[in-house]
Amino acid sequence: MDNKDAEKLFFIPFNTGGHWLLLAINPIREIVYYLDSLGNDWTTYSDMKVLIDTVLQAFRAQRDIQTSRRGANSITWIKVACPQQRNQIDCGYFMLRFMRDTLALGRLMIPTDYFEEFKCAFYTKDQVDEIKEEWCQFMIELNVLFINLCN
């Protein structure tokens, strides 16, 4: 709760039980950006929406923000038209790529039609391979760091 009034974007990789998607949340503005490489609507995952809405309402209460009854559920969910996967196995890499693209630009909002700099209907094989390589490199460096910390 430190800096609870500072505007930030929190990333929540969410697994629906067989599919990864990304939620990017701005708790101050009460906006949830929904990025799904299969193009499903968030209403497909009602338990996820209830959970995130509850978390944001608890955050609002911690900040002592008073809202009217009508404003009590003023959380805005935005479905982002992000690149779509062409198979049933790359969702995790797409989720990582969405996070990476957002972090690379350092923005606190995600346009509904995705970022102009990265806009495309589908990621190419090279773009998916790039995130796979970056993830592998990260894990290798993490393991080295972990080994060094254990010695």
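Modeller: In this predicted model, strands β2 and β3 (residues 31–35) pair in the antiparallel sense over five bridges, and A24 stands opposite Y33 in β3.

Biologist: How many residues lie between β2 and β3 in their hairpin, and which residue in the turn has a positive phi?

Modeller: Four residues lie between the two strands of that hairpin, and E30 in the turn has a positive phi of about 55 degrees.

Biologist: Which strand is joined to β2 by six bridges, and in what sense do the two run?

Modeller: That strand is β1 (residues 10–15), which runs antiparallel to β2, and within this pairing the bridge partner of N15 is W20. The hairpin of β1 and β2 also has four residues between the strands, and there G17 takes a positive phi near 120 degrees.

Biologist: How should I think about the side chains along a strand, and why is β2 described as largely enclosed?

Modeller: The general idea is that in a regular strand the side chains alternate between the two faces of the sheet. As for β2 (residues 20–26), six of its seven residues are buried, so the strand is largely enclosed by the rest of the structure. Buried here means under 20% relative accessible area.

Biologist: Turning to charged side chains, how many salt bridges does the structure hold, and what does the one between R29 and E7 tie together?

Modeller: The structure holds 10 salt bridges, and in the one between R29 and E7 the closest N and O atoms are 2.6 Å apart. Because R29 lies in the loop between β2 and β3, while E7 belongs to the segment before β1, the pair ties together parts that are 22 residues apart in sequence. R29 counts as exposed, at 52% relative accessibility, whereas E7, at 30%, counts as partly exposed.

Biologist: Where do D101 and R97 lie, and are they buried or exposed?

Modeller: Both lie in helix α2 (residues 91–105), four residues apart, which is about one turn of the helix, and both D101 and R97 are buried. Their salt bridge has its closest N and O atoms 3.3 Å apart.

Biologist: Which parts of the chain do E134 and R100 link?

Modeller: The side chains of E134 and R100 meet in a salt bridge of 2.7 Å, N to O. This pair links distant parts of the chain, with E134 in helix α3 (residues 125–150) and R100 in helix α2, 34 residues apart. E134 is partly exposed, with a relative accessible area of 33%, and R100 is also partly exposed, at 25%. Salt bridges that share partners join R97, R100, D101, E130 and E134 into one network.

Definitions and conventions. Residues are numbered from 1 along each chain as its sequence is written. This is a predicted model: local features need pLDDT of at least 70, side-chain atom pairs count only at pLDDT 80 or more; totals for chains, interfaces and linings use all residues. Side-chain values use heavy atoms; hydrogens and water are left out. Buried means under 20% relative accessible area, exposed over 50%, partly exposed in between (1.4 Å probe, protein chains only). Two strands pair if DSSP finds at least two bridges between them. A salt bridge is a side-chain nitrogen of Lys or Arg within 4 Å of a carboxyl oxygen of Asp or Glu.
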